[in-house]
Amino acid sequence: MIYLDYSATTPVNNEVLDTFVKATNAYIGNPNSLHKLGVESKKLIDASTEQISKLLNVSSKEIIYTSGATEANNAAILGVCYRYSNRGKHIITTKLEHSSITATLQYLQNHGYDIDFLETDSTGRVDLDNLKSLIRDDTILVTVASVNSEVGVIQPIEEIGNILKDYPKIYFHSDMTQSIGKINFNIENVDMISFSAQKIYGLKGIGCLIKKENIVIDPIIHGGKSTTIYRSGTPAVGLIVSVSKALRLVMENLDENYEYVYSLNKYLKDKLKDNKDIHINSNEYSIPHILNISIMGIKPETMLHALEEEDIYISTQTACASKATSSLAVYELTKNLEYSKYSIRISLSHLTKREELDTFYNVLIKKIEELKSLNESR
Ligand code: PMP
């Protein structure tokens, strides 16, 4: 098998899985229970939270455990909007957000909120002057993903934070699901951050919302005691310990892994770049882990299944938006309908081997020729 869909999800690191199993077996108490078993579970959670806080350079009080980035994004956006609707109902975002942001904003729009989309330049990065011009007295939230999941463009998060720090009544949220553990940002001026363990070789079913301590939001899930007042439910001891382990492992190896994935990306791009049927959509501002290309005239699903026959796995758009007919993100970046219609995403990892890319390339070229001649004979 050649897996080139790491941005959809990553395989679980064995050490992380081991940590999960051991903690789940050894710590059976509900962390909310007052007896010894409960206290031990709570201590373990507190130690994990402390570790995450050190890795991300935030306070442990700022960490809210969720079921994943989808819930973290919902919690951040709805939490601010429910709390501060008396101040205003204007939100600024981009056309490069994940469906857990766009669908939440669409829901808010149906309930009287006003959404503005930031313009992007030819590199896909948001226009900072446009941001300044869109800010209004009733703006309560700006949400911009650090890295888009389809084309991989890295947004100027620090610059956006610098602009917004002069507007204390506007909260700045960034979905960092595709950047955590891959590249670092200075998050000093970011109020809320979301991420998911399943993208960093952790388990599915846990994520975090980092929310700066001074910000009060309304919870979207109400109920019993938990690690914070912002997300109720019995804390998932094993998952919490496993997410801190997953985060530690990716953060410890971040620079080394980045360099390696960068070299892989360059290696594959060099092979693809002169092929007349292929257009490379990702650009110099894209994270090396994501290489988005268009194979002109060949439907993305057709190519996905043709590669699947050879046990090779890639994505058409993102796993969460696979029903749309063309890629909005590729269109936003290239402003070219044809490129957006024929795009596929190859996503790389430090686990990817050069030989896998050689095989992938050879199979891809063979499949392009086969599918082209099939199209011609129709
Ligand atoms: N945001 C981004 C940028 C993503 O890529 C994803 C996962 N595809 C999510 C949010 C949602 O993560 P989860 O499915 O773990 O909730």
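A polar contact is a pair of N or O atoms within 3.5 Å; within protein, one must be able to donate a hydrogen and the other to accept it, and residues adjacent in sequence count only if both atoms are side-chain atoms. The model is predicted, with local features requiring pLDDT of at least 70 and side-chain atom pairs counted only at pLDDT 80 or more, while totals for chains, interfaces and linings use all residues. Residues are numbered from 1 along each chain as its sequence is written, and side-chain values use heavy atoms, with hydrogens and water left out.

**The ligand site**

| Residue | Ligand atom | Distance |
|---|---|---|
| T70 | oxygen | 2.7 Å |
| D175 | nitrogen | 2.6 Å |
| K199 | nitrogen | 2.7 Å |

On its own the ligand has 400 Å² of accessible area, of which the protein covers 88%; such areas come from the Shrake-Rupley method with a 1.4 Å probe, and for residues only the protein chains shown count as cover. The ligand is surrounded by 14 residues, the closest being T70, D175, S196, Q198 and K199; a residue is near a molecule or strand if one of its heavy atoms lies within 4 Å of it. By class, this shell holds 10 polar, two nonpolar and two charged residues. Here Ala, Val, Leu, Ile, Met, Phe, Trp, Tyr, Cys and Pro count as nonpolar, Asp, Glu, Lys and Arg as charged, and the others, Gly among them, as polar. Helix 3 (residues 69–84) gives the largest share of the shell, three residues. Helices (H or I, at least four residues) and strands (E, at least two) are DSSP runs, numbered from the N terminus.

Seven strands form an open sheet in the order 2-8-7-6-5-3-4, with mixed pairing; two strands pair if DSSP finds at least two bridges between them. Its edges are strand 2 (63–66) and strand 4 (114–117), each pairing on one side only. Strand 2 and strand 8 (residues 207–211) run antiparallel and are joined by four bridges. Within this pairing, T66 has G207 of strand 8 as its bridge partner. Helix 2 (residues 36–56) packs on the sheet and touches strand 2, strand 7 (192–196) and strand 8, where contact means heavy atoms within 4.5 Å. The direction of helix 2 makes about 115 degrees with that of strand 2; axes are lines fitted to C-alpha atoms, for helices over the stretch in contact, and angles run from 0 to 180 degrees between N-to-C directions.

Five bridges link strand 10 (residues 290–295) with strand 12, and I290 stands opposite S347 in strand 12.
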